[in-house]
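Dear colleague,

Please find below the structure that I am handing over to you.

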Amino acid sequence: MTEHLPPAAEARLAEIRRSGTWGSSLSSEEFAVIRSVGFEPVGQVLGAAVYNVGYTGGYGCPGGWGTYSVAWGRRASTSISSRGGYGSFGPLVDVLYRARRTAIRRMTEECAELGGHGVVGIQLSIGAFPAGGLEFKAIGTAIRAPGVPRLKQPFTSDLSGQDFAKLVSKGWMPAGLALGISIAARHDDWMTVGQTRWGAGNAEVTGFTELVNDARHDARQQLARDVTRIGGEGVVIADMDMRVRERECPAQEGRRDHIIEATTIGTAIVRFSTHHERNGGSTLSIMSLDPQRRQAARVDIGQNRLG
């Protein structure tokens with residue numbers, strides 16, 4: 001039994017192996033294009049973990065002890081989770097990383113149990129668990145290249161089947177799913193309050209702009225660090241999510257703080273060959289979803305046949 005897999009997962013994998021069949025979350029087009037570059041599905045894999053989120057940090061005002069001076073003239077600064085400090089949500093970010101990586105690791109272990117070389121089309125989700133806490137889930141399709149020895153560590157990727165095939169056809173392979181998570185908080189100082197009043201007109205709210213930029217920039221930095229940890233040469237980004245909420249300032253009655261959670265998810269990639277780039281590689285057929293372009297293609301094909 002794999003050390004980290006729950007008994008229910010072991011039982012499900014044993015049933016898949018006995019049945020001799022496999023399931024996947026691939027569309028028929030994804031299945032065909034993955035086969036065209038020498039891979040085949042071996043089964044749908046899942047990793048899940050339920051975490052109780054207790055201490056999150058961020059209980060103080062991000063303006064720190066200078067809250068009142070912020071209100072009366074000094075501009076606020078943004079508190080970033082990766083930097084720690086007063087009002088930081090560092091503990092919450094730590095558990096968000098740990099829970100997601102636990103789910104991804106369990107999914108990867110299921111892939112290895114089925115003899116897969118990696119997982120494509122991974123979907124990460126977070127949802128409230130009815131009995132308390134949060135459920136972190138990772139689901140994808142394990143694939144393998146027949147005749148190739150097992151990898152020490154299967155790769156993970158949120159690339160679709162088509163994107164995976166295009167990557168392989170150009171001499172690149174996924175190395176792993178990379179995460180960049182940052183939570184930034186900012187007290188609404190006197191300038192922000194003034195710029196958001198009804199009579200302020202059409203003007204930039206500089207405090208909010210700084211908050212957004214700081215959160216996104218830090219998430220990208222954390223993503224770059226994760227790519228380095230995985231051993232990737234670069235990253236292709238699939239999703240950039242940002243959630244904004246506000247709360248009453250815990251240090252000053254009647255004032256507000258704004259908090260942003262920025263999450264960037266991508267696939268770290270490594271080069272395995274330059275041969276495809278030198279020789280152009282094989283042609284990969286892609287069907288357009290635009291009806292006009294499909295009709296134009298049919299006309300061209302018909303003319304060529306008549307000619």
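Ring pairs join Phe 39, Phe 155 and Phe 164 into a cluster. Please note that the model is a predicted one. In total, 4 aromatic pairs were counted.

Because Tyr 51 lies in strand 1 and Phe 136 in strand 4, the pair ties together parts that are 85 residues apart in sequence. Both of these residues are buried.

Helix 2 comes next. Within this helix, which spans residues 28–36, Glu 30, Val 33 and Ile 34 are buried. These three lie on the same side of helix 2, because they cover an arc of only 105 degrees around the axis. The exposed residues Ser 28 and Ser 36 are found on the face turned away from that buried side. Strand 1 (40–51), strand 3, strand 4 (134–144) and helix 5 (161–169) are the elements against which the buried residues of helix 2 pack. Just after the helix, Gly 38 adopts a positive phi of about 90 degrees.

The largest pocket holds about 450 Å³ of space. It is lined by 22 residues, and Arg 100, Ile 126, Arg 243, Glu 261 and Thr 263 are the closest to its centre. At least two lining residues are supplied by each of helix 4 (90–113), strand 3 (118–128), strand 6 (172–187), strand 7 (234–248) and strand 8 (256–271). By type, this lining comprises 12 nonpolar, 3 polar and 7 charged residues.

The second largest pocket has a volume of about 390 Å³. Among its 19 lining residues, Gln 153, Pro 154, Thr 156, Ala 175 and Gly 176 lie nearest the centre. Helix 4, strand 5 (155–156), strand 6 and helix 7 (206–230) each give two or more residues to this lining, and strand 6 provides the largest share, with 6 residues. The lining divides into 10 nonpolar, 5 polar and 4 charged residues.

With kind regards

Terms used
Residues numbered from 1 in each chain as written. Predicted model: local features only at pLDDT ≥ 70, side-chain atom pairs only at ≥ 80, totals over all residues. Heavy atoms only, no water. 1 Å grid on protein atoms, 1.4 Å probe; cavity = no way out; pocket = protein on both sides within 12 Å on 5 of 7 lines; lining within 4 Å. Points joined across faces, edges and corners; volume = space filled by probe spheres on them. Helix = DSSP H or I, 4+ residues; strand = E, 2+ residues; numbered from the N terminus. Nonpolar A, V, L, I, M, F, W, Y, C, P; charged D, E, K, R; others polar. Buried < 20%, exposed > 50% of the residue type's maximum accessible area, 1.4 Å probe, protein only. Arc of directions from axis to C-beta. Contact = heavy atoms within 4.5 Å. Phe/Tyr/Trp six-rings, centres within 6.5 Å; stacked < 30°, edge-to-face > 60°.
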